[in-house]
Amino acid sequence: MKLDRLRKKLEREERLPLLVLDLVNIRYLTGFRGSSALLLLDGERSYFMTDSRYEEYARSILSGGMEFVLMRGPAVRTVARLVKRKRLARLFLEEHSTTLAQYSEFQKVLHPVKIQTGGSPVNELRIEKEPGEIELIRAAVALADRCFAHILSIVKAGMLEWDLSVEIEYFYRKNACRKTAFDSIVASGTGSSMPHYITSMTKKIENGDALLIDMGCEYEGYNSDLTRTIFINSIDEELRKIYGIVREAQERAIGAVRPGISCGALDSVARDTIGAAGYADAFGHSLGHGVGMEVHELPAVKSGGRTKLKNNTIITVEPGIYIPGKGGVRIEDVVLVTGGGSEILTKSSKDIHIV
Ligand SMILES: [Mn+2]
């Protein structure tokens, strides 16, 4: 089904034959989870290349329409043999996953075959999730919600940021995740004004702190992403006000999610709300991003973004306001675009938590 969708798209956009080098895209198209593979798609057939370490495994999972090609020596030589056998006159390479070194090598070894940039069609295809993918993302998101509830039940002043981040990782791994989606962010006090704070191994969470927690897991190859900002024992009055503004911006943006809206227009809904409250300069990052096999994938939900949301796209909506020296607030949900508008997959409450 995914391969059929891709082939139609490539035919329409005249980007065949295409060589897929991105292992995430190869996993998306074939289910292969190894660390070395290439996939060549042409008009009717596809060719899956991997080395002897993965031969038995690859043969066991490849579908009938795909020919197995054993990689011997450098990958580019295997591609060259295949290109010669198929008498291909040109080859499109995946743009985002081809290094300059690989590009030069392909040009040299495949000469006179024309090497062209093929864009990132598989990543574009991944914007529209299939039903099975949505179920796995739902499951990953549900684990993030459960993990957040667990963290709320144990967090207290005196704990190290690091210990809380280890609790997050332990919870996920104990609950069938191979890994976290990214290094969890546990940012206390003034650290919370840094949107991508590096969790400290020595800093203790203190009374009166804002505590920004950004956490996600990878479950069965699909990711979740959840941010909540909570407060330890008491809340600063400006941060309470900021929390209300961020929440309003976030909920307005979610209210605007529907098929057809551009990512730029959606970003503006949140950015204008924060700007009108006087905090335009305190919201520097983009509103969100797609979530799926990668925790950050297309579409980029950013200012000026022209990609339009489609039915079954899954994105984050995560505005924030950050005041250096004081603290920051970010609220992030994972949202599924539906025919009727949207469904918020993350269920953790956005009421102010003072714990
Ligand atoms: Mn995120």
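Modeller: Let us begin with strands E2 and E3, which form a hairpin with 4 residues between them. Please bear in mind that this is a predicted model.

Colleague: In which sense do strand E2 and E3 pair, and over how many bridges?

Modeller: As a general idea, strands of a sheet pair through backbone hydrogen bonds, either parallel or antiparallel. Here E2 (residues 38-41) and E3 pair in the antiparallel sense, over 4 bridges. Within this pair, Leu-38 stands opposite Met-49 in E3.

Colleague: Which strand is joined to E3 by 5 bridges, and how do the two run?

Modeller: That strand is E4 (residues 66-70), and it runs parallel to E3. Ser-46 has Met-66 of E4 as its bridge partner.

Colleague: How many residues of strand E3 are buried?

Modeller: A residue counts as buried if 20 or more other C-beta atoms lie within 10 Å of its own C-beta. By that criterion, 5 of the 5 residues of E3 (residues 46-50) are buried. Ser-46, Phe-48 and Thr-50 point one way from the strand, while Tyr-47 and Met-49 point the other way.

Colleague: Which strands form the open sheet of 3 strands, and in what order?

Modeller: The order is E7-E10-E11, with antiparallel pairing. Strand E7 (179-180) and strand E11 (222-223) are at the edges with a single partner strand each, so one side of each has no neighbour in the sheet. E7 is joined to E10 (residues 217-219) by 2 bridges, and Thr-180 stands opposite Cys-217 in E10.

Colleague: Turning to helices, what span should the 12 residues of helix H1 have?

Modeller: At 1.5 Å a residue, H1 (residues 2-13) should span 16 Å; its end C-alpha atoms are 16 Å apart, which agrees. The residue that follows H1 is Glu-14, which has a positive phi, near 55°.

Colleague: How far does helix H9 reach from its first C-alpha to its last?

Modeller: H9 (residues 237-256) has 20 residues and reaches 29 Å, close to the 28 Å expected. Several of its residues are buried, including Leu-239, Ile-242, Tyr-243 and Gln-250.

Colleague: Against which elements do the buried residues of H9 pack?

Modeller: They pack against helix H10 (263-276) and against several strands, among them E9 (210-215), E12 (226-231) and E15 (314-317).

Colleague: Into which domains is the protein chain divided?

Modeller: There are two: domain 1 covers 2-125 and domain 2 covers 131-344. Their C-alpha centres lie 35 Å apart. As for contacts, 5 residues of domain 1 touch 5 residues of domain 2. On the domain 1 side, helix H2 (23-30) and helix H6 (121-125) each supply at least two residues, and H2 gives the largest share, 3 residues. By class, that side has 2 nonpolar, 1 polar and 2 charged residues.

Colleague: What radius of gyration does the protein chain have, and what would a compact globule have?

Modeller: With 355 residues, a compact globule would have a radius of gyration near 20 Å; the protein chain has 23 Å, which agrees. Along the principal axes, the C-alpha atoms fill a box of roughly 70 × 40 × 35 Å. Of the 355 residues, 43% count as buried.

Colleague: How many helices and strands does the secondary structure comprise?

Modeller: The protein chain has 10 helices and 19 strands. Among contacts with a separation of 6 or more, 66% involve residues 24 or more positions apart.

Definitions and conventions: Residues are numbered from 1 along each chain as its sequence is written. This is a predicted model: local features need pLDDT of at least 70, side-chain atom pairs count only at pLDDT 80 or more; totals for chains, interfaces and linings use all residues. Domain bounds come from an automatic or database domain assignment. Two residues are in contact if their C-beta atoms, placed from the backbone, lie within 7 Å. Ala, Val, Leu, Ile, Met, Phe, Trp, Tyr, Cys and Pro count as nonpolar, Asp, Glu, Lys and Arg as charged, and the others, Gly among them, as polar. The expected span of a helix is 1.5 Å times one less than its number of residues. A residue is buried if 20 or more other C-beta atoms lie within 10 Å of its own, exposed if 12 or fewer, and partly exposed in between; C-beta atoms are placed from the backbone. The radius of gyration is taken over C-alpha atoms; the globule rule is 2.2 Å times the number of residues to the power 0.38. Two strands pair if DSSP finds at least two bridges between them.
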